[in-house]
Amino acid sequence: MEEPIGVMEAAPVPQQRVEQPLDAAVRYAEERHWDVCPGTWLEPGDGAERCSCGEAGCAAPGAHPTRADWAGQATGSGAAARRMWSRHPRAAVLLPTGRGFDAIDVPESAGFLALARMERLSLPLGPVTRTPDRRMQFFVLPGAADKVDALAQKLGWNATAIDLRARGEGHYVAAPPTRVGGSGVVQWARRPTTANRWLPEVEELMSPLAYACGREAADARARLS
């Protein structure tokens, strides 16, 4: 049986590194050996910033791929990344999932509660992002996307019902310091460091993540009743 998670247990966000997209993309490729892909960027116009894609009402302004074959454009070379971002210095930094890692995507409130519990229990943790649309993404070993639904069901949860998602092959995450429209920037809730170079298996993190998402879903239903 899961131990209840206290409301005051949420983990803090570390101080963020001030970095340009080009420098971040090169560092991810060279230090973490992650593939990187430049995305769209924000352009000034009519007193506001708009996405370089030009689409009115863009769902993720300045933070999505520029072309359908974006996955083939991704590179693990620092030199190639430098050339790409030199052409568009403000381009979003996109990291394809299903290669060096998969990502478990959860609501921010559930993510912080689960993160605090993981750290208290000394569970292995990889990098974790926090997005302006109030989501958190936990980096785990590739292959997680194929296991999440079954793992959640085994724990007594329906992954879709509790808003627990997985991003694997064919998907991506936006990495810091990508800026999403006027909403803010993607941040590290847990930065990539030498200590978390080896990523955990999704099975190691699934229980606290599913429990926190289930609690959040139940609280949301209670607020609506």
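Is C213 buried or exposed? C213 is buried, with a relative accessible area of 1%; buried means under 20% relative accessible area and exposed over 50%, with partly exposed in between, for a 1.4 Å probe and protein chains only. This is a predicted model, in which local features need pLDDT of at least 70 and side-chain atom pairs count only at pLDDT 80 or more, while totals for chains, interfaces and linings use all residues. Residues are numbered from 1 along each chain as its sequence is written, and side-chain values use heavy atoms, with hydrogens and water left out.

**View 1. The cysteines C53 and C58.** The whole structure has zero disulfides (a disulfide is a pair of cysteine sulfur atoms within 2.5 Å). The closest cysteine sulfur to that of C58 belongs to C53, and at 3.9 Å it is too far for a bond. C58 counts as buried, at 16% relative accessibility.

**View 2. The largest pocket.** Its volume is about 450 Å³. A pocket is an open set of points on a 1 Å grid over the protein atoms alone, where a 1.4 Å probe fits, with protein on both sides within 12 Å along at least five of seven lines; lining residues have an atom within 4 Å of a point. Grid points are joined across faces, edges and corners, and the volume is the space filled by probe spheres set on the points. Of the 26 lining residues, E19, P176, P177, T178 and V185 lie nearest the centre. The lining divides into 13 nonpolar, six polar and seven charged residues.

**View 3. The second largest pocket.** This pocket holds about 340 Å³ of space. Among its 18 lining residues, A60, A63, D133, R167 and V180 are the closest to its centre.

How values were computed
Ala, Val, Leu, Ile, Met, Phe, Trp, Tyr, Cys and Pro count as nonpolar, Asp, Glu, Lys and Arg as charged, and the others, Gly among them, as polar.
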